[in-house]
Amino acid sequence: MGREFVIEVRGLVKRFADVVAVKGVDILVEEGEIYGLLGPNGAGKTTTIRMICGLIRPTRGTVRVFGYRMPEERIKASRLIGYVTQHTSLYEDLTVYENLMFYASVYGLRGSEKRRAVEEALDRFLLREFKDKMVGKLSGGTVKRVSLAVSMVHNPKLLILDEPTAGVDPKLRRVFWDMFRDLSREGLTLLVTTHYMDEAENCDRISLMLGGRIVVTGTPDEVKRMAMGGDVVEVTFRKPVVEEDVRRVGGVKSVEWVGDRGMRARVVVEDAEEFLANLLKADWLEVAVAAKADVSLEEAFLRIEGAVR
């Protein structure tokens with residue numbers, strides 16, 4: 001019997017007239033993980049998300065969410081999904097409480113169950129002080145929180161977030177990601193799109209999307225290794241060396257000089273721990289400092305993007 005996935009996307013294609021926005025995308029999301037779909041604006045992320053939610057029909061390929069085929073079985077799947085769009089779908093001329101009550105009804109909650117769910121959402125997302133305020137009068141960050149509360153009011157098992165922190169200041173972005181990790185720990189599955197590469201460090205697995213295609217998938221560390229060609233170690237020497245001296249240590253894939261040639265290098269190696277251990281034994285080198293480098297996902301993605309293009 002095949003493995004079960006919360007989201008199973010295979011061979012997904014979407015064409016709009018003469019433009020192919022999504023070109024053969026495969027996505028498999030496991031229960032309880034935070035899966036990041038990353039890429040610049042225009043990469044095809046939102047179109048992919050909309051097909052996963054069953055809002056638009058694929059030109060080709062299949063989408064299943066909790067085993068339900070999308071968009072044919074969207075109504076059955078919708079009670080299990082919370083979806084936060086890039087642009088708010090809230091009613092600005094209604095209060096926070098009224099918006100929550102309305103969307104709770106849309107999701108099929110009734111009577112005391114609905115009221116209890118709304119009260120819990122107000123507390124969970126720290127919105128009680130805004131309960132009777134018009135959404136149109138709230139700050140952008142608070143509106144984002146209301147959108148999240150609305151998407152969670154029916155207690156879904158999957159939360160889909162399309163650029164949830166776009167336009168939000170860095171401090172509030174951290175607050176949101178703390179919230180997302182808490183939800184994941186509670187067993188919720190999250191699919192998040194973002195063009196903020198630093199946010200991807202919070203994901204269990206990530207895919208980079210460029211020009212409608214997924215070009216790499218893995219954990220953040222796996223993606224960094226794929227982009228760089230291995231682990232990266234930064235070494236500072238007490239006296240100048242040549243590249244051949246560094247390569248004698250073993251396991252070296254490339255050497256890139258930083259600043260003064262011969263004095264400091266970024267060395268791409270097969271295994272950082274093994275290289276550092278061998279470096280201690282390399283009596284032909286006078287090493288001042290050596291440590292595994294902290295490669296950012298932004299650097300990794302820029303390298304991948306450069307290689308693809």
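This is a predicted model: local features need pLDDT of at least 70, side-chain atom pairs count only at pLDDT 80 or more; totals for chains, interfaces and linings use all residues.
Begin by selecting strands β2, β1, β4 and β5. These four make an open sheet in the order β2-β1-β4-β5, with antiparallel pairing. At the edges sit β2 (19–29) and β5, each of which pairs on one side only. As a reminder, strands of a sheet pair through backbone hydrogen bonds, either parallel or antiparallel.

**Stop two: β1 with β2.** Now select residues 7–16, which are strand β1. Eight bridges join β1 to β2, and the two run antiparallel. To look at one pair, pick I7: its bridge partner in β2 is V29.

**Stop three: the helix across the sheet.**

**Stop four: a cis peptide bond.** Move to the loop between β5 (68–69) and α2 (74–78), where you will find P71. The peptide bond that joins M70 and P71 is cis, with omega about 5 degrees.

**Stop five: two residues with positive phi.** Select L126 in the loop between α4 (111–124) and α5 (140–152). L126 is not a glycine, yet its phi is positive, at about 55 degrees. Then go to E163, in the loop between β7 (158–162) and α6 (170–185). Phi of E163 is also positive, near 50 degrees, and E163 is a residue other than glycine.

Is L126 buried or exposed? L126 is exposed, because its relative accessible area is 58% and the cut-off for exposed is over 50%. E163, in contrast, counts as buried, at 4% relative accessibility.

Definitions and conventions: Residues are numbered from 1 along each chain as its sequence is written. Side-chain values use heavy atoms; hydrogens and water are left out. Buried means under 20% relative accessible area, exposed over 50%, partly exposed in between (1.4 Å probe, protein chains only). Two strands pair if DSSP finds at least two bridges between them.
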